[in-house]
Amino acid sequence: MPEPDFENRTVLVTGGSRGIGRACCVRLAQAGARVAINYHSRSDDALEAAKLVEAAGAEAMTVQANVADPGSVEAMVAAVNERLGPIDMLVNNAGVFEYVTHESTTLEHWQRTIDVNLTGLYLVTWAVKDQMIERGFGRIVNMSSISALRARPYGIAYAASKAGVVAFTKSASDALIPYNIRINAVAPGLIDTEILEGVDQATLDRIVAETPMKRIGQTDEIADVVHFLLSEASRFMMGQVLVASGGRVMLP
Ligand code: NAP
């Protein structure tokens with residue numbers, strides 16, 4: 001368990017209600033942070049995540065918002081500020097994935113994917129960056145994917161959105177480091193969450209066989225990387241993409 005090095009820090013985790021986001025909420029709560037748990041549609045999951053955060057001894061709040069909607073994002077940030085104070089740390093984790101062929105990659109699918117995974121990340125970052133600039137402190141971790149780094153024939157829009165996250169991370173971190181806002185990204189491989197529901201078992205088995213560690217990852221294994229990138233243990237790192245994929249992708 002990490003040291004409580006985030007005491008008096010407020011963190012917002014988008015898509016914090018389940019999956020990787022929930023594990024991040026719990027890990028950051030263990031580190032002492034106050035945690036704002038964003039969700040889109042499943043309030044019960046968010047309440048369950050809040051219970052886990054509180055069980056770890058931290059203050060929690062749940063906040064509904066669609067990260068792809070500017071008004072919704074503004075309202076979310078205002079609600080977090082009112083209840084937990086200025087946001088010190090942000091985990092841009094909310095994301096959607098649909099397992100689709102190129103024939104099913106319609107403009108509607110493309111826009112839905114880019115809107116949540118990329119525009120949403122921009123909207124939330126821009127909604128919190130001014131308060132970070134004002135206070136001369138900010139730590140941000142963006143959720144990319146190894147799909148950004150390799151061919152993804154059954155997720156073309158998803159791969160493009162996650163490659164956008166990598167480019168956004170590099171450029172925004174360069175622009176914002178003068179204000180002590182440090183931005184990095186994580187690129188997970190296959191992680192055991194509901195997002196994989198549409199992927200058939202044969203494909204999952206093939207991916208595991210191709211993975212040197214011969215298994216899929218668990219959400220806490222990504223939460224540990226997020227904690228590291230938000231913490232001072234990574235203080236000389238910015239604009240980086242850390243791959244956690246059981247060796248399926250190895251960089252450089
Ligand atoms: P998940 O279990 O499906 O959880 C997705 C989370 O995002 C939920 O909390 C969901 O909230 C939220 N969300 C979805 N659309 C949203 C929107 N428009 N506005 C706000 N929140 C929204 O997914 P996961 O596997 O934990 O994935 C988390 C992140 O990791 C994603 O960015 C994903 O692309 C990335 N990732 C996952 C894997 C993997 O194998 N699992 C691999 C690489 C990268 P509701 O439940 O309320 O809808």
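First, the term pocket. We work on a 1 Å grid over the protein atoms alone, and a pocket is an open set of points with protein on both sides within 12 Å along at least five of seven lines. Lining residues have an atom within 4 Å of a point.

Now the ground rules. This is a predicted model, where local features need pLDDT of at least 70, side-chain atom pairs count only at pLDDT 80 or more, and totals for chains, interfaces and linings use all residues. Residues are numbered from 1 along each chain as its sequence is written, and side-chain values use heavy atoms, with hydrogens and water left out.

Start with the second largest pocket. It holds about 200 Å³ of space. A volume here is the space filled by probe spheres set on the grid points, and points are joined across faces, edges and corners. The lining has 16 residues, and nearest the centre are Gly217, Glu221, Ala244, Ser245 and Gly246. By class, that lining splits into seven nonpolar, six polar and three charged residues. The classes are simple: Ala, Val, Leu, Ile, Met, Phe, Trp, Tyr, Cys and Pro are nonpolar, Asp, Glu, Lys and Arg are charged, and the others, Gly among them, are polar.

Next, the largest pocket. Its space is about 1,200 Å³. Its lining counts 49 residues, with Gly95, Val96, Phe97, Tyr158 and Ile195 nearest the centre. Elements giving two or more residues to that lining are α1 (19-30), β2 (34-39), α5 (156-176) and α6 (201-210). Helices (H or I, at least four residues) and strands (E, at least two) are DSSP runs, numbered from the N terminus. The lining has 22 nonpolar, 17 polar and 10 charged residues.

So where does the ligand sit? In the largest pocket. To sit there, more than half of its atoms must lie within 2 Å of the pocket's grid points. The elements that give two or more residues to the shell around the ligand are α1, β2 and α5. There are 31 residues around the ligand, and Ser17, Arg18, Ser41, Tyr158 and Thr193 come nearest. A residue counts as near if one of its heavy atoms lies within 4 Å. That shell divides into 14 nonpolar, 13 polar and four charged residues.

Now the polar contacts, meaning pairs of N or O atoms within 3.5 Å. A polar backbone atom of Asn93 is 2.7 Å from a ligand oxygen. For Arg42, a backbone N or O atom lies 2.9 Å from an oxygen atom of the ligand. Ala65 has a polar backbone atom 3.4 Å from a ligand nitrogen. On its own the ligand has 900 Å² of accessible area, and the protein covers 95% of that. Areas come from Shrake-Rupley with a 1.4 Å probe.

On to cavities: sets of points where a 1.4 Å probe fits but cannot get out. How many reach 30 Å³ or more? One. The largest cavity has about 60 Å³ of space. Its lining includes Thr14, Asn93, Met143 and Lys162. Helix α4 (residues 107-135) gives the most to that lining, with five residues.

Last, two backbone points. Leu251 and Pro252 are joined by a cis peptide bond, with omega about -5°. Pro252 is in the segment after β7 (241-244). Asn180 is not a glycine, yet its phi is positive, about 65°. Asn180 is in the loop between α5 and β6 (181-188).

Key:
Polar contact = N/O pair within 3.5 Å; in protein donor to acceptor, adjacent residues only side chain to side chain.
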